[in-house]
Amino acid sequence: MSYAHISVSRLLLSAVLIAVAIVLSRRSRLGLERDLVWGAVRGAAQLIAIGYVLLLLFNHEKPGWVLLLLAVMLVAAAGTAARRVEHGPPRRVLFPRAMAAIGAGTVVAVVPVFAGVVPLHPWYEARYLVPISGMMLSNAMNVVALVFERIFASARTEADQVEALLALGAAPRQALERQVRATLRAALLPTINGLLTVGLVALPGMMTGQIVSGTAPEQAVRYQIVILYQLVAVAAVAGLVAVTFARRLLFTARAQLVLPQG
Amino acid sequence: MTATLEGRELVVLRGGRRILDGASILVRPGEAVAIQGPSGSGKSTLARVLATLLEADAGSVHLAGRDAREIAPSQYRTRVAFLAQQPAMFEGTVLGNLGAGPKLRGQPFDGAQARELIGAVGIDESMLSREARTLSGGEKQRVALARALANAPEVLLLDEPTAALDPDSGARIVALLRELHGRGLSVVMVTHADEHARALGGTLYRCERGQISVDA
């Protein structure tokens with residue numbers, strides 16, 4: 001199957017779209033011009049770089065290289081999820097926990113699918129493993145960031161409720177139950193909304209990409225269904241692991257609430 | 001005589017400051033104790049340490065002669081009830097709030113128990129169906145008291161129960177605490193108000209700069 005090639009000059013033409021946003025930002029005095037330019041340049045640079053990395057990886061497909069790339073992606077995702085959590089513990093405390101939560105969610109979503117639904121030959125086939133794992137890592141990263149942001153903030157604003165429950169003899173799990181439930185609902189909602197609106201509002205990126213590059217729509221749709229279900233699993237597992245870590249950070253072994261400074 | 005509740009040489013440090021500086025207190029079974037002191041004297045910190053909601057940097061808390069650290073927190077806090085200055089009401093009705101303690105332990109709680117508890121703190125039964133968060137400050141204090149009593153505690157520990165109330169409501173809360181003490185409960189009340197400390201009619205401690213002493 002053939003697809004319309006994008007030349008470098010045409011690629012540069014698409015930068016006009018960023019220029020539109022810059023003009024609007026200037027006119028509305030949003031002060032986002034620098035961010036827009038930096039975002040556009042950085043985004044493009046990262047994508048071009050990963051393009052070359054993938055090319056290199058496809059040509060020298062070795063399990064070590066594939067796993068190394070996945071590890072780098074995991075570290076980058078954990079670093080982002082642990083960044084700037086208002087009223088939360090410092091980054092060095094959150095980072096390893098974010099990594100464990102994102103890693104656990106991704107493993108649960110990826111391993112069974114590649115074992116049973118889309119078998120890989122060999123098991124480290126980068127063409128599938130890297131982009132699909134990347135999508136999972138990205139969703140897990142967003143969920144974990146949201147969980148950390150929300151649970152520490154609500155433990156602070158509702159500290160009197162939590163302590164009132166502790167004073168009545170509640171275990172930490174019981175004392176924080178309401179906040180945990182609200183946090184997990186909020187963290188899972190975007191993924192669930194994605195399930196409900198897919199195909200109605202937007203055609204997901206991967207499916208669009210496959211169709212554009214010549215895959216039969218029927219197969220592209222099947223891939224997308226698998227991906228969507230994986231995204232649900234990754235969000236649920238990563239969210240649950242992150243909230244478990246957060247709860248451990250919020251209470252002492254003697255069931256006392258300790259709010260992180262900040 | 002075995003002490004119901006005892007704090008021994010309690011020290012709490014915060015940012016290099018000694019909030020509690022070797023405070024000791026003994027509350028005998030069925031005793032009423034008022035701890036009076038100016039704000040910042042460490043009395044609320046003492047109440048939170050005795051409630052085990054805050055860990056002391058040194059010293060120990062004992063319940064019936066046993067170190068609190070050897071008792072499961074949920075069990076300890078069921079036996080020693082703590083009420084904050086402005087007790088938080090949980091979402092839902094007064095009835096739901098009253099049953100919160102038993103519910104945490106998976107124990108049944110019925111309307112008859114609720115009516116008895118609400119009667120004990122001087123609130124009309126018709127309040128049971130009210131949304132707890134819409135109550136006045138004094139009513140919230142009473143509901144919080146009844147909610148704590150649902151756990152059948154041995155000691156009631158109250159941090160400034162009258163501070164957020166108007167003088168009349170404050171006096172009524174102290175009268176209620178006297179009444180509960182009269183029924184055999186140990187009551188420990190922390191307050192900055194000298195008249196409320198005296199009105200409780202039990203042992204009076206003074207708290208100053210993290211240390212406490214019996215008022216002569």
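**A walk around strand β7 of chain B**

Val155(B), Leu157(B) and Asp159(B) point one way from β7(B), Leu156(B) and Leu158(B) point the other way, and all are buried (20 or more other C-beta atoms within 10 Å of the residue's own, with C-beta atoms placed from the backbone). This is a predicted model, where local features need pLDDT of at least 70, side-chain atom pairs count only at pLDDT 80 or more, and totals for chains, interfaces and linings use all residues. Residues are numbered from 1 along each chain as its sequence is written, while chains are lettered from A and ligands numbered from 1 in the order in which they are written.

Now step back to the sheet.

What does β7(B) pair with? On one hand there's β6(B), parallel to β7(B) over four bridges (pairing takes at least two bridges found by DSSP). Here Ala81(B) stands opposite Leu156(B), and Leu83(B) opposite Leu158(B). Then there's β8(B), also parallel to β7(B) and joined to it by five bridges, with Asp159(B) opposite Val190(B). To get from β7(B) to β8(B), the chain passes through α7(B) in a right-handed β-α-β crossover (clockwise from the first strand over the helix to the second, with the strands pointing away from the viewer).

Terms used
Helix = DSSP H or I, 4+ residues; strand = E, 2+ residues; numbered from the N terminus. Buried ≥ 20, exposed ≤ 12 C-beta atoms within 10 Å, placed from the backbone.
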